[in-house]
Amino acid sequence: MSAPLLSVENLRIELATRGGMVPVVDDLSLWLNPGETLSIVGESGSGKSMTALAVMGLLPRIGRVANGRIMFEGQDMTQMEDAALRRIRGNQIGMIFQEPMTSLNPVYTVGEQIAEVLRHHQNQSAAEAWGNAIDLLDAVRIPNAKGRAGTYPHEMSGGQRQRVMIAMALACRPKILIADEPTTALDVTVQAEIFDLMRDLARETQTATILITHDMGVVAEMADRVVVMLKGRKVEDGTVVDLVNRPQHDYTKSLIASVPHLTPETRDTSAAQVEIDQPLLSVRDLTVQFPVKKRFGKREIFTAVNGISFDVERGKTLAIVGESGSGKTTAALAVARLVAAQAGQVTLDGTDMLSLEGEALRQARANVQVIFQDPYSSLNPRLRAGAIVREPMDNLGNLPAAQRDARVAELFEQVGLEPAQMQLFPHQFSGGQRQRISIARALSTNPSLIICDEAVSALDVIIQAQILDLLHDLQRELDLTYLFISHDLGVVQQMCDHVAVMYMGDIVEYGTRNAVFAEPTQAYTRNLLAAVPSVESAKEPVQ
Amino acid sequence: MSEQTQLKARSPFAEAFEMFRRNHAALAGLAVLLAIIAVAILGPVLYPGNPFDMVWAPFTTPGTEGYLLGTDYLGRDLLSLLIHGARVSLTVGLAAAFVTVTIGITIGALAGFYRGWVEEVLMRLTEFFQVLPTLLFSMVIVALFGASLLMITIAIGLVSWPAVARITRAEFLRIRELEYVTAARAGGVRNGGLMFRVILPNALPPIIVQAALMVGSAILFEAGLSFLGLTDPNVASWGQIIGSNRQYILDASYTVTVPGIAIFITVLAISLVGDGLNDALNPKLRER
């Protein structure tokens with residue numbers, strides 16, 4: 001076997017914090033062979049991105065390589081001068097970042113940005129570089145590359161921008177491509193397209209790839225070998241097939257277990273139709289429109305939700321799935337009267353929600369509460385955790401003031417927090433704990449309907465599983481009804497009884513969970529299901 | 001980090017104070033400012049008597065026995081004028097900043113919260129005040145309604161609030177879209193509560209910084225108006241000392257230099273404190 005292209009030996013990375021130098025990566029060794037795809041997998045804070053940045057020589061100013069070597073073509077990159085590093089960076093090692101919205105410069109056309117790389121690194125003339133830029137856009141399958149080279153990043157979709165990033169990273173035919181969560185910000189169908197592209201390009205150009213991800217399903221579909229990281233240390237490594245079939249470490253096992261198996265446990269689809277006698281929530285022809293300001297003061301109407309109807313049974317969960325822009329969140333917030341609906345009927349517990357105004361509307365809010373997506377912005381940073389949970393009780397409901405603090409303590413215990421933590425401020429909690437506070441707040445007014453708006457999407461997979469368990473337990477104990485909004489089919493499958501699939505403001509498929517997952521009737525749903533990465537491709541057949 | 005050590009509550013403002021304490025320039029500014037405030041409060045006790053009394057020969061140079069800073073063209077003790085003037089200058093500065101922030105927050109909050117026609121009307125009004133020539137406009141107010149300290153304070157407040165209104169509106173526009181505001185609305189908080197108990201406390205950091213700097217510019221503004229003679233002639237202020245002695249700037253330069261330095265040091269101290277607050281309250285800088 002030939003020598004590895006890149007090898008990292010006993011790498012230790014430290015970050016300067018108020019408490020001194022703190023190791024974020026310790027004693028990490030890995031190697032990358034020419035042409036192969038190595039995946040580094042771990043949750044946020046595991047040090048996987050720091051490792052990639054160290055290889056690129058792009059550690060933040062407060063960080064440093066404290067120990068170890070990064071060997072590339074016989075040279076130790078940690079000892080290199082800046083100028084030498086710059087020549088390798090871009091020319092020999094290219095990088096793709098997570099966020100396609102901010103990693104392109106908005107004031108230059110995409111063609112100019114690719115050509116700039118070529119002119120800078122390969123000393124090509126302007127005309128030559130422009131021609132090559134168009135070829136590269138063509139290679140990453142941007143349709144009409146010649147015409148699209150003159151467009152600005154904001155005129156492209158997220159998936160197209162990520163293709164442009166790949167074109168830039170590959171412009172100088174690097175030997176190594178580092179992709180740091182390249183599809184985490186993208187919809188699942190777009191993710192599948194980007195992965196197809198990356199696989200094809202890697203094969204054509206023989207580029208070795210380091211793929212950084214948190215998703216074991218992505219690893220199984222993309223990588224040859226994998227390094228599992230936890231809290232800055234390597235816990236396990238090996239070929240993907242070995243690791244998926246014979247994981248040794250508990251952490252690896254839980255990562256694999258967290259990947260959704262979208263094949264349902266039962267094929268019984270006799271009850272495909274949703275039949276509910278007395279729904280808790282009944283939505284008919286709900287339409288939500290926004291005025292969109294165009295140039296020169298012209299106004300246009302954008303229809304986010306286009307006359308949808310659905311029912312939710314008491315004590316059950318209806319999931320609304322869809323990709324970004326499908327209108328799923330808007331529809332749910334319209335049900336809660338947090339977004340104004342233009343037409344339709346929403347009946348919750350016998351109350352006509354859309355006709356309520358003023359004080360009656362305010363009081364009705366006690367009956368429908370929301371758990372939001374982002375655990376960092378859904379809690380008021382100036383209030384203590386206890387006050388956050390208490391707030392709805394202070395405004396709604398009829399619990400006497402003297403009993404409220406006891407109720408808050410009870411809620412804290414119910415969601416798995418210590419009552420002593422009531423006095424802390426939100427920034428003192430972890431992401432998962434904050435989501436528990438959010439759940440306690442939603443429960444505080446004893447609502448009959450709880451809307452979970454991507455409630456676990458921002459969490460690491462293992463925390464995600466814990467929060468989903470909590471939601472399950474609470475539903476059983478308290479007979480809660482959930483309207484569960486998510487883009488993540490794996491999560492939806494674990495949570496729901498009924499599913500509505502939304503696309504461009506319409507419900508395209510609506511049925512029981514087994515029916516939708518086992519025998520989807522619509523092409524869109526089938527695509528969506530097929531696009532979800534799974535570990536199946538790496539599984540050995542059962543003997 | 002263990003859960004046990006985390007159980008001590010740390011409010012965001014307590015953390016900001018911690019940051020502020022480690023900023024030496026800001027601490028020095030705060031020390032100077034506190035000293036000036038102490039002089040302003042205790043001055044009349046330490047240095048009794050009417051500062052307008054003619055106590056000695058005019059143009060006694062500083063350092064003369066008993067008259068540390070000398071006397072002005074009417075033979076009034078400059079140190080006494082300075083100490084009594086500190087009270088007026090600081091009061092006008094603080095009061096004008098208070099007026100500015102009150103008007104600015106109210107207009108900015110309403111515009112940023114309600115959007116629509118409310119925002120259109122209020123922001124056009126803000127722009128109207130922003131394009132007025134500030135010095136001229138305040139001179140007109142003082143000339144029309146009389147040169148009392150109250151009028152001067154109101155005049156300064158009236159020309160300075162647009163900056164605060166713009167900052168407040170921008171913060172409101174950003175924060176009103178955050179999920180905790182929607183969550184509070186879902187929790188039955190009324191509009192007034194959303195504006196002033198949920199959004200405003202989170203919008204305060206840049207407003208506090210602006211207000212601190214506003215005190216400094218209000219002191220300068222008051223000095224400018226006094227220099228032009230648009231002030232209460234019966235009340236000593238730093239600007240007024242400079243204004244009344246301006247004809248003798250060549251013969252007895254210390255009569256204008258001494259109050260000038262007082263203004264300079266005060267405004268510098270306030271700016272340092274303002275900068276320190278900015279660093280302490282800005283979470284993006286906090287990590288450094």
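## Domains of chain A

Domain bounds here come from an automatic or database domain assignment. For chain A that assignment gives domain 1 (6–92 + 174–257), domain 2 (107–171) and domain 3 (281–538). The C-alpha centres of domain 1 of chain A and domain 2 of chain A lie 26 Å apart. The contact between them takes 15 residues from domain 1 of chain A and eleven residues from domain 2 of chain A; two residues are in contact if their C-beta atoms, placed from the backbone, lie within 7 Å.

On the side of domain 1 of chain A that touches domain 2 of chain A, α2 (82–91) and α7 (188–205) of chain A each supply at least two residues. Helices (H or I, at least four residues) and strands (E, at least two) are DSSP runs, numbered from the N terminus. The largest share of this side, seven residues, comes from α7(A). By residue type, this side of domain 1 of chain A divides into ten nonpolar, four polar and one charged. Ala, Val, Leu, Ile, Met, Phe, Trp, Tyr, Cys and Pro count as nonpolar, Asp, Glu, Lys and Arg as charged, and the others, Gly among them, as polar.

## Model and confidence

This is a predicted model, in which local features need pLDDT of at least 70 and side-chain atom pairs count only at pLDDT 80 or more, while totals for chains, interfaces and linings use all residues. Residues are numbered from 1 along each chain as its sequence is written, and chains are lettered from A and ligands numbered from 1 in the order in which they are written.

The model scores ipTM 0.78 and pTM 0.81. Chain B averages a pLDDT (the predictor's confidence in each residue, from 0 to 100) of 84, and 93% of the residues score at least 70. Over residues 1–5 of chain B the pLDDT is below 50, and beyond near neighbours in sequence this stretch has one contact in the model. Where pLDDT is low, the predicted coordinates should not be read in detail.

## Chain B

Chain B has eleven helices and zero strands. Its C-alpha trace spans about 75 × 50 × 30 Å along the principal axes. Of the 288 residues of chain B, 44% count as buried. A residue is buried if 20 or more other C-beta atoms lie within 10 Å of its own, exposed if 12 or fewer, and partly exposed in between, with C-beta atoms placed from the backbone. Among contacts in chain B between residues at least 6 apart in sequence, 68% join residues at least 24 apart.

Helix α2 (residues 24–46) of chain B bends by about 40 degrees at Ala40(B), and Pro44(B), a proline, follows within four residues. The bend is the angle between axes fitted to the seven residues ending at a residue and the seven starting there. In α2(B) the buried residues are Ala26(B), Gly29(B) and Leu33(B). Their cover includes α1 (12–21) and α10 (254–281) of chain B. An α-helix has 3.6 residues a turn, so residues three or four places apart point the same way.

## Contact between the chains

Chain B gives 21 residues to the contact and chain A gives 26 residues. On the side of chain B that touches chain A, the elements giving two or more residues are α7 (179–186) and α8 (191–227) of chain B. Of these, α7(B) supplies the largest share of that side, seven residues. The residues on this side of chain B divide into eleven nonpolar, six polar and four charged.

## Nonpolar cores

A nonpolar core is a set of buried Ala, Val, Leu, Ile, Met, Phe, Trp, Tyr and Cys residues joined through C-beta atoms within 7 Å. The largest has 154 residues, of which Val335(A), Ile451(A), Leu483(A) and Phe484(A) touch the most other members. Helix α3 (residues 78–114) of chain B gives the most to this core, with 18 residues. Leaving aside neighbours within four places in sequence, Val335(A) is in contact with Leu281(A), Val283(A), Val346(A), Met353(A) and Leu483(A). A second, separate core of 77 residues includes Met50(A), Ile134(A), Ala169(A) and Leu243(A).

## Two loop residues with positive phi

Most residues other than glycine have a negative phi. Asn144(A) has a positive phi of about 55 degrees and lies in the loop between α4 (126–139) and α5 (145–148) of chain A. Asn144(A) counts as exposed because it has 9 C-beta neighbours inside 10 Å.

Asn446(A) also has a positive phi, near 50 degrees. Asn446(A) is found in the loop between α15 (431–443) and β17 (449–453) of chain A. With 15 C-beta neighbours inside 10 Å, Asn446(A) counts as partly exposed.
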